[in-house]
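Visitor: Could you help me learn how to read contacts between chains, ring pairs and salt bridges?
Guide: Gladly, let us go through them one by one.

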Amino acid sequence: MLNVAPRFREYETLPSLNDPSIPALPPLPTGESEDTRRIVERFGEDILAAGLHNGQQIVYVKPERLLELAAFVKDDPKLAYEAVVDVSAIDRLKLPIGADDARFQVVHQLRSYARKQHLMIVAPCVGNETPTVPSLGNLFAGAIWPEREVLDLMGITFTGHPDPRRILMPDSWPNHPLRKDVPLGGEEVPFTLTWGDPEFATLGKQILPAESVPPKLPPGMNRENMIINMGPHHPSTHGVLRLVVELEGETVVNVDPDLGYLHSGFEKTGENKRYKDFVYYTDRMDYLSSMNNNFGYVLAVEKLLGLEIPERAQVIRVIMSELQRIASHLFWLSTHALDVSGTGMSLLMYATRERERILDLFEMVCGARLTLSYIRVGGVWRDLPEAFINNLRDLLAVLPRYFDDYEAMLTHAPLWQERLEGIGKLSRADVINMGLTGPMLRGSGVDWDLRRDAPYGGYENYDFKVPVYTEGDCYARYLVRMEEMRQSVRIIEQALRNLPDGLFRTDDRKVSLPPRAELDVSMEALIHHFKLMTEGFRVPAGMVYHAIEASKGELGFFVVSDGSAVPYRLHVRGPSFNNLYAISKMSRGEMLSDIVTNIGSIDIVLGEVDR
Amino acid sequence: MDWLNLVVFPVLRSVVLIVVLLTGFAYLTWYERKLLARFHARYGPNRAGTFGLLQPVADAVKAVFKEEVIPRHVDRWVYLLAPMLALVPALVIWAVIPVAKGVPAIADVNIGFLWILAIAGVESYGVILAGWSSNNNYSLLGALRSSAQMISYELPLGMFLVSILLLAGGFSLVSLVETPRAWWEWVWLWAMFPLFFICILAETNRSPFDLPETENELVAGFQTEYGGIKFALFFMAEYINMITTSTIMATLFFGGYRLPFGLLSDVVWLGPFVLAAKVILLLFLFIWVRASIGRPRYDQLMHFAWKFLLPVSIGYMIVTALLVVFFK
Amino acid sequence: MVPTSFYLILAGLLFIIGTIGVLTRRSALIILMCVELMLASVNLTLVAFSRQWDNLTGQVFVFMILAVAAAEVAVGLAIIITHSRQNNTTNVDEVNLLKW
Amino acid sequence: MGLEDKLPEGIITTQLESLVNWSRQNSTWPLLFGLACCAIEMIATGSARHDISRYGSELFRASPRQADLMIVSGRVSNKMAPVVKRLYDQMSEPKWVIAMGICASAGGPFNNYAIIQGVDKLIPVDVYVPGCPPRPEALLYALDKLREKQGRETFAKYRRNELAEAMLSPQDMDSLEALRAKQFA
Amino acid sequence: MAINSFIKGALEIGKAMGVTLKTLREKPVTTEYPRDPVPLYPRFRGKHELRRYENGLERCIGCMLCEAACPTGAIYVEAAENDPANPTSPGERYAKVYEVNLLRCVFCGDCEEACPTEAIVLGHDFAMANYNRRDFILTKDVLLNPQEAHVVIRPE
Amino acid sequence: MMTASILFFIAIGAVSLASALGVVISRIPIHSALFLLVNFVSMAVLFITLDAQFLAAAQVIIYAGGIVILMLFVIMLIGSDEIRENAGHRVWTPYVGILLGVILLASMTFALVEAGPPPATSAVVQGGVPEAVGMTLLTRYILPFEMAGVLLLVALIGALLLARPPKQKTEN
């Protein structure tokens, strides 16, 4: 009916300097570690491969023994992998795999907090069109939601899954979008050339009908009680989260989160964009701490590239990351105060007022307020402007005073304390089993901070305290975040003291643009410039999971490269997504108002939850 | 002459009063928005007229010319009745408040205190019926909260009123203002003012006790389904209630239309201005509290009423009775 | 001055309406309301008589009735709530556990 | 519609019209409705530094029945589309829509299966704001643009429901489902 | 003890009210946007502009590198051979069509970075809101002749 | 003035009768409660015409401010579904009810007619003011007054016990 103008321009049609190579499989792990040896000893033939790859422990296991392996690594005191932090899957359709090789692989990321170890378990799925694999959901609560996500986006059936429903896409969605045979979708970008096309002729005038289907009652809910739909349009769900709440009086009997109202296809988009382009997309995931998102993504890619980063760039990254953490926490504080305390509450304005000053600094450095994409592969976008350091010093001098003001308004205020203390209680065992991270973890007595326990980006050089509270309630999480802001100020101060001179991005011309001055004098620089701008840089085939401590928790990027300039598989482990799982457990048996407190306390950003 | 006294004067007075109150309401919204803005370190409305002084006019005209929607799922009559029920008590309570020496707003009845109590009792109907008739779960929860909250806080409020009544020795508000009081009476009275103020906050659904409409939990609570002029009526009711209760507090605690130490007590026309000044100061308190204090949870609010305020108010009443018996 | 008989007639009519309500309606809540209606009509006669005979006893009686009414409503509503919680109805016809 | 339906046409109406338009310009209450990144900038617009309250628009109403302006701040996903439409339908006339940011305006960088490529496929948009996300000042500028538009409105528009006429007739309409199917065809 | 905690709570509330009162005395931090200019930092990236050389020639040589670099495909360039007698740009080719779709642009600055001749730059104009979707295609005309010169040549 | 006050009385009386009928007739419990409220308020007005201001205020405070709100609360709590009035068995009750009512009405009319008009009102009671009622209550009728207090207390406790949710097995 409607004709789409045939004007698609692919990057490949542009002059590229050497041919794109044939996609390669990520190489198998080599060598071994103590843990993999122990696992191989126990499971023998059923371990397909085990060892180290990019410095990570990886175990490939036959699907029929996956469950057993998971139980073993969980319970064995010498392994003690207590938590599943992420589950993802790879559709290997476009990779040169053998005919009898499984098309889908499920990848689990396991974490041992006691031993500070990370383990990746990969299991191929049985069946290529309707793949199945055993579910770890009964063993690790933290696997339930990620598995639902894989089920939804990849169409992999998890046998024995406690709650096998779609999670992000509408129930009626026709396909599983992350499969490689499903197109990206979207529409052509109009220019004056194509404005006349029938597709665009009706823009702004054609109002499409969109019937809303009455939602199904989630399992386990009783119609006799009052069912309340919180969201997707609700002031306190921090975006478009929908919570189906079953109430008895005002007591919450059951909560069922319904996600996907902001599902924007980040992963699929990432698999269709060059590595250099996806940095811009990471901004828009957790839009409150885009710096951290950039950081995490860039570190993962750099790990694949095996790139060394100049010292100055490292320090700048830390400064930015910590500033972003403060900004994010300030925004959390303001919205949390708003949720708990009401619209007139001044704290909303005060915390955003200080946040604006940080955003000013960002604008000065990055030219944008929110979507910064400042941290790039190989370093940072530009060097710090001259005035930046002084402005930052000024800000750092006053920030602690502002924090004192906030605490004067909240910390011991009786109403605030009463609203938060004992609300949303989570025990230490719970948070670990549910795979929660960040302040959720530290508020429940787990002394874990990736910056300290798995240092990245030079964090090992800084002296800072990781606040830990054992109460596990909203008040403890509040205290954790307040203290984190103060610690971030400390880190930035240290970083400012030791800010070295030097390059702000690597001079490896394979990934980093040559300086503008060189373009006019050096042919080689010009070639690099053209190549980086058209094709981007190539990343060696491999597989990596890299996690950083973002302001909301562990932000992990799982990247599979086939050697080209576009990621083959790009999965994001968003802290909000996994943390949000706890909302049901936190809110059950509490009051309706406490749901709001709990959401605020989890500190979710829907862009990251739904991706 | 009878007719003049019985019908014409009261009607005239009510008209004047209503006009004053509506203007007061309009500028209270402006006052609140401006003041709240300053508490928040910003400017507040300044586009409509100088200093945004025409802002209330814009709001009002807009509300009047907004489409009137009656959702299909509501209980039509009750839905339409509710905003009026919310507004009327806020207005009629004024009947007994003295605004100047010898000039009650409408009438100096000998049951002034009881009148206040009685009207406070029916105030909650608007909210409750709005919540119920909207046929919306959020509204219903708001209505339930409202009814429970109002009943709970009416008890300590009544106790406090009775205590003041004991001190005053009569039901008339005029005589309450006119009777001179000993210094210890004032001190004893003021000691209880914060608690009385808390009750008033709860009765007027003002932040931090705005639980029936808690935006962050119940979307807009009982008024979720109301828009246009009907919503404006609720808005009006809330703000006129603020003015009314401030006036009551000014009358009960701060000598109403009288200046301290009996200054200029013969200048009758000064009365309304003195009263207005006191009211504005009290309204400042309302807004200041809103800007500074978080909101409790619904059950905590109830606990506070029953487990703290009620016993304290009963104790206060007993002590007051003893004081009156032995010292007065 | 309105003659007392007017008040009495009004009270009587109200009382009868209340009675009819109690007898015809099946919802426990509405029956309770109708009982209140009857009580109120009695109050009216008492106050009217109090004025008629210039005697405050009538008003004191009304005061007592108010107290009784409050107590009655509290207990009655409590019973209705409990019952409706268990049987999910307020229909008095279905309250027949004691029937043999 | 509201009162204006019952008014005769004439000079008084014109005078009234400008009064009403002025009032609408100065008391545009937005719907408290945030979607994605732009919502954060929308909140920032309300914050002390940028202070949308100067326009009389700080009363973000959570209930669509009390709101005049819908700021679609962020990307609208396929799952969200019916909700957005429903919210818009629940707002009472006169109502306006600002598509804040490029995602709401045209899909922005999310040229993919999940995002509706422009919210104007669902609801009529009055002002589009480019930027990803637009600065708070850009939103304020859009608000100024909207005020300009509000100033030009007439009662007749609502009386004759010109808005509806401007839209295509139902048989020309394509449904969201069809659009979706086309993407995967 | 209830009374005791009440008094303590009252003190804390007093402290909170003190903080707000303190702010009341301070000057608001608001920037009165349309009246006062917005303080923008040099690196801020707003509306696109095409630059010329001082002699009036266009800088753009139609290399289409910006189009390739754009992560969202918001730029469309069609190059043509320069008329040697009356060149539009100093190079061999120039951009016959140069369009930016503002509603797809994320203002990331990659085009600016990619451009070898510094022809396309992101200016400081952020007031781009408009009524019609068709108004958001910046044609070469518009790009070359911005209403006000917002161009900031960044030192880097 | 005589006629004016009688007209006033008739108007209020009509309101009160109509609202009473509304209580009985209306199908939706909330509407019944609202009619009840109107009835009580009109009753309060009648009390004022009878010089019983204190009682009028008390009527509003207790009935309107307390009882009806409580009823509304309960109706909202247990859901205000309409009750099937024509429940299969016992279809005859309404008719018998109306019949009984008519009989009652007839007998009362008869009694009134029989008794003839009561003597014209003699004194103007100034006893409606709170002071007088209070004095009477706390002197002559102190015992009933105290008893009423006890009654209310007992009712309170009773209501609490009755409405307490059935004990569930908490904690599992």
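Here is a short talk about an interface, some ring pairs and some salt bridges.

Visitor: What should I know before starting?
Guide: This is a predicted model, where local features need pLDDT of at least 70, side-chain atom pairs count only at pLDDT 80 or more, and totals for chains, interfaces and linings use all residues. Residues are numbered from 1 along each chain as its sequence is written, chains are lettered from A and ligands numbered from 1 in the order in which they are written, and side-chain values use heavy atoms, with hydrogens and water left out.

Visitor: How many residues of chain C and chain F take part in their contact?
Guide: Contact means heavy atoms within 4.5 Å. Here 70 residues come from chain C and 85 residues from chain F. Buried area is the accessible area (1.4 Å probe) that two parts lose on being put together, summed over both. Between chain C and chain F that area is about 6800 Å², and carbon and sulfur atoms give 76% of it.

Visitor: Which elements give two or more residues to the side of chain C that touches chain F?
Guide: Helices (H or I, at least four residues) and strands (E, at least two) are DSSP runs, numbered from the N terminus. On that side of chain C the elements are helix H1 (4–24), helix H2 (28–52) and helix H3 (57–87). H3(C) gives the most, with 23 residues.

Visitor: How do I read an aromatic pair?
Guide: Rings of Phe, Tyr and Trp (its six-membered ring) pair if their centres lie within 6.5 Å; planes under 30 degrees apart count as stacked, over 60 as edge-to-face and the rest as tilted. Over all chains, a search of the whole structure finds 49 aromatic pairs. Take Trp145(A) and Tyr581(A): their ring centres are 5.5 Å apart and their planes at 75°, so this pair is edge-to-face. The two are 436 residues apart, and the pair links distant parts of the chain.

Visitor: Why does the pair of Phe63(C) and Phe145(F) count as stacked?
Guide: Their ring centres are 6.1 Å apart and their planes at 25°, so the pair is stacked. Phe63(C) lies in helix H3 of chain C and Phe145(F) in helix H6 (residues 142–163) of chain F, so the pair joins two chains.

Visitor: What about salt bridges?
Guide: Side chains of opposite charge can pair when their charged atoms come close. The rule asks for a side-chain nitrogen of Lys or Arg within 4 Å of a carboxyl oxygen of Asp or Glu. The structure holds 73 salt bridges over all chains, but across the interface of chain C and chain F the rule finds zero.

Visitor: Which residue forms a salt bridge with Lys22(E)?
Guide: Its partner is Asp405(A), with the closest N and O atoms 3.0 Å apart. This pair crosses between chains, from helix H1 (residues 2–25) of chain E to helix H10 (residues 386–409) of chain A. Lys22(E) counts as partly exposed at 33% relative accessibility, and Asp405(A) as buried at 18%.

Visitor: Where could I look next?
Guide: Asp594(A) forms a salt bridge with Arg297(B), and the closest N and O atoms are 2.9 Å apart. Both Asp594(A) and Arg297(B) are buried.

Methods:
Buried means under 20% relative accessible area, exposed over 50%, partly exposed in between (1.4 Å probe, protein chains only).
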